[in-house]
Amino acid sequence: MEFEVISEMEILRWTASISGMVAAVLVALNASAKITGFGFVIFTGSSIVWIVAALLDGNNPLATQNLVLLGINIFGVYRYLLRKPKTKSANVDAR
């Protein structure tokens with residue numbers, strides 16, 4: 001039985017691809033802020049791996065796309081996991 005040797009680049013690509021799919025499912029579930037936030041954490045890692053793989057491969061458009069997505073994903077992590085929820089004002093509009 002022979003096994004095909006997988007290159008480091010293929011490992012990077014598959015890691016980025018699979019983690020991106022898992023993150024998309026978590027965000028799409030919209031089950032809770034914590035689960036959605038965790039999806040953005042995984043998206044952030046996926047973007048970083050895609051950037052590394054793209055730069056090593058000389059694929060600048062893919063690296064640029066994922067650099068932008070990295071910023072969006074970091075914002076998602078902030079929005080769903082780090083930002084304190086707004087408190088409702090105790091002062092109701094009294095008329």
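1. Tyr 78 is partly exposed, at 41% relative accessibility; here buried means under 20% relative accessible area, exposed over 50%, and partly exposed in between (1.4 Å probe, protein chains only). The model is a predicted one, in which local features need pLDDT of at least 70 and side-chain atom pairs count only at pLDDT 80 or more, while totals for chains, interfaces and linings use all residues. Residues are numbered from 1 along each chain as its sequence is written, and side-chain values use heavy atoms, with hydrogens and water left out.

2. The structure contains three aromatic pairs (ring centres of Phe, Tyr and Trp, the last by its six-membered ring, within 6.5 Å; planes under 30 degrees apart are stacked, over 60 edge-to-face, the rest tilted). The ring centres of Phe 40 and Phe 43 are 6.2 Å apart with planes at 50°, so this pair is tilted. Phe 40 is buried at 14% relative accessible area, whereas Phe 43 is partly exposed at 21%.

3. Phe 75 and Tyr 78 form a tilted pair, 6.5 Å centre to centre with 35° between the planes. Both lie in helix 3 (residues 60-82), three residues apart, about one turn of the helix; helices are DSSP runs of H or I with at least four residues, numbered from the N terminus.

4. Ring pairs also link Phe 40, Phe 43 and Tyr 80 into a cluster.

5. A nonpolar surface patch of about 590 Å² includes Phe 75, Tyr 78 and Leu 81 among its residues (members have over 30% relative accessible area and no salt bridge, with nonpolar side chains joined within 5 Å; areas come from the Shrake-Rupley method with a 1.4 Å probe; a salt bridge is a Lys or Arg side-chain nitrogen within 4 Å of an Asp or Glu carboxyl oxygen). Helix 3 gives the largest share, four residues.

Key
Helices (H or I, at least four residues) and strands (E, at least two) are DSSP runs, numbered from the N terminus. Patches are made of residues with over 30% relative accessible area and no salt bridge: like charges are joined within 9 Å, nonpolar side chains (Val, Leu, Ile, Met, Phe, Trp, Tyr) within 5 Å.
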